Amino acid sequence: MTPVESAIWRTRRDLTFAAVLKVALLATGAASLLLAPAISLSGAATFAMMAGVWILWMALNYHSLKSSRLAAASPLLIASGDYDAAEAHLDASLRMFSIFRAGKLQALQYLALLRREQRRWSEAAQLCRAVLKHRAPASSGIAVRARLILAQSLLAMDDLPGAQEAILGFYREKLGLMETLEMLIVQSDYQLKAGQWHDLMNEAAGKLELTELMASQPAALVQASIALGAKRLGRMEWATFFRGRAELLGEPAELIARRPILAELWGDTRSQEAPQV
Amino acid sequence: MESVSPMPSPFGDVESLLERSRPRPRVAWLWYGAGLVLLMFLGGVTSGQSDGARAMLQGLTSLVVVGLFCAMVISGGVTLKRVRTEQHRVVAIDELIQLRRWPEAAALVMAMLSRPMLTPQARAAGLIYLARLLSRYDRFGDAATMIERVLGEQMVDAETAWGLRVDRAFAVLHDDRLWDADRAINELRRQPWARESGAMALVELYRDVKTGHPQDAIERFNEKLPAMRAQLGIRLADAYALVARAYDLLENTGAAAIAYRQATLLVGESELQRRYGEFKALAGRYAAADRPDRTALTAPRGTEGSGSPS
């Protein structure tokens, strides 16, 4: 298993080296053009220098692309539960030098994703913090996904202030629809753990529409959380409505197993059956 | 988020979009340039011209190299920007479809597919979205044709192809081409995902109801409910409404009423009727689930729970 400290250290080293290398290549290219007349460099020598820079640049690009491709295969492996293969891909990718800043940070973020799936929360959080520290390009979405994993990991470790800080960070990011859905799941989880019932019910109509775009299990979990919020606030009509939807989409016993506080919605029984037709 | 239209279709000749969106082969200007540089370089090295002429040729070669290098950087940047714009457009269409903003999605997909696209992947995604939109506008025949073309040109991976085949089976069922639908379902059954697929169960459930086999539909529903519940998300409402219709056909009004209530708890009555003509027979005969007034969904602020990042 790749030690996270070593992965973070290697990434930092590669990012620094890549930045230096890019500047050096640019400087060599510029020097071969600008200084050639001054030092009476022949056209052939100028051409050779430019060609050398170009060949080196292309070779580095090719090498970096291989590293990015190795990392890119890992989310699918993680999703299919093949953690060993994902680990091997990521380890190989992180060991390879890359001049792509985004590619390197992406590999680190995938490693955080893997650690989250392995329920190694503290390591996942550590990796996400490292990714966020390095400011990935905004268009890559790496920072948003790292922040999501960070919030989820901190919530799993019951670090509510840390999770709150991570969630607040989303308001500085531009979120796509998928990220908005993910954020709603994390946010509801946080509010459930923190007992923020008003906030759970806040803008519930909008949340209801968003849950309709989610897969069954998270949709059930978010709606059960809102139902509990409604119940705690004495809004029984809404509690019944959201609970009814939640129990159609997810098995109440499974929801309770994931969030024990939700037992309050279905009484104390943990073997609640779904409504039968 | 519900909408109940028969909406006017914004699509013209969808077949022509298939051709117009095909990526064009790009002219490799840079290779021509590289060839020119090589020729000039070799010319400079091997010719027996005077020193002045040779120096001039070498200077010219250097200039062309610089120009070529700059052109490569600029052209790479421009291409990358165009590919990214295309990708963003594909993501935007996906989001508009998910948010059920059909007219905007239709306009964007038409604009995107009416000119040559840059990558085959984005084109495949555009054509898949077009097929979904055609289904939404009740042009099921065109939707099925579009899916067949995407599958025929082998533009997608096996898993996406599976999803498309399921969509195609739905489209031909909606189009009342029952023989084609049966063939499509049989083809789906041969796929490795068939047994555990909730979508497959839903399409078979629809076929059973459509062809008047309510008992089969009920048995299938009871057998496949766990898979459908885990995989279909909000489309589970369709399964409940279909089984309500199956009970209704068997005149088991008690069970039909419960199933209809559960379906309408997830999706509004009017939207269900828009999706399946068969459900019009249920409307008014069974009570839909109570949906509290959405406008009253803002909680009055109390003392608890302040300071949350909501």
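Helix α5 (residues 101-117) of chain A packs against helix α7 (residues 142-156) of chain A at an angle of about 25°, and their axes are 10 Å apart. Because of this angle, α5(A) is roughly parallel to α7(A). Axes here are lines fitted to C-alpha atoms, for helices over the stretch in contact, and angles run from 0 to 180 degrees between N-to-C directions. Angles under 35 degrees count as roughly parallel, over 145 as roughly antiparallel, 65 to 115 as roughly perpendicular and the rest as oblique.

The model is predicted: local features need pLDDT of at least 70, side-chain atom pairs count only at pLDDT 80 or more, and totals for chains, interfaces and linings use all residues. Residues are numbered from 1 along each chain as its sequence is written, while chains are lettered from A and ligands numbered from 1 in the order in which they are written. Helices (H or I, at least four residues) and strands (E, at least two) are DSSP runs, numbered from the N terminus.

**Two helix pairs**

α5(A) passes α7(A) in a left-handed crossing, a term for a near helix turned anticlockwise from the far one by less than a right angle, with right-handed used if clockwise. On the α5(A) side, the residues that meet α7(A) include A:Leu105, A:Gln109 and A:Arg116, and their counterparts in α7(A) include A:Arg145, A:Ile149 and A:Gln152. By class, this contact of α5(A) with α7(A) has seven nonpolar, four polar and two charged residues. Nonpolar covers Ala, Val, Leu, Ile, Met, Phe, Trp, Tyr, Cys and Pro; charged covers Asp, Glu, Lys and Arg; the others, Gly among them, are polar.

In chain B, the axes of helix α9 (residues 198-210) and helix α11 (residues 236-249) come within 10 Å and cross at roughly 25°. α9(B) and α11(B) are therefore roughly parallel to each other, and α9(B) passes α11(B) in a left-handed crossing. B:Leu202, B:Leu205, B:Tyr206 and B:Val209 in α9(B) meet residues of α11(B), including B:Asp238, B:Leu242 and B:Arg245. The contact of α9(B) with α11(B) has seven nonpolar, no polar and two charged residues.

**Chain B and confidence in chain A**

Chain B contains 13 helices and zero strands. Of its 310 residues, 36% are buried, meaning that 20 or more other C-beta atoms lie within 10 Å of a residue's own; a residue is exposed if 12 or fewer do, and partly exposed in between, with C-beta atoms placed from the backbone. Two residues are in contact if their C-beta atoms, placed from the backbone, lie within 7 Å. Among contacts in chain B between residues at least 6 apart in sequence, 62% join residues at least 24 apart.

The pLDDT, which is the predictor's confidence in each residue from 0 to 100, averages 88 in chain A, where 93% of the residues score at least 70. Over residues 269-275 of chain A the pLDDT is below 50, yet this stretch has eleven contacts in the model beyond near neighbours in sequence.

B:Ala92 is placed in helix α3 (residues 51-98) of chain B, and A:Gly176 lies in the loop between α8 (160-169) and α9 (177-194) of chain A. Leaving aside its neighbours within four places in sequence, A:Gly176 is in contact with B:Val91 and B:Glu95.

| Residue | C-beta neighbours inside 10 Å | Class |
|---|---|---|
| B:Ala92 | 17 C-beta neighbours | partly exposed |
| A:Gly176 | 16 C-beta neighbours | partly exposed |
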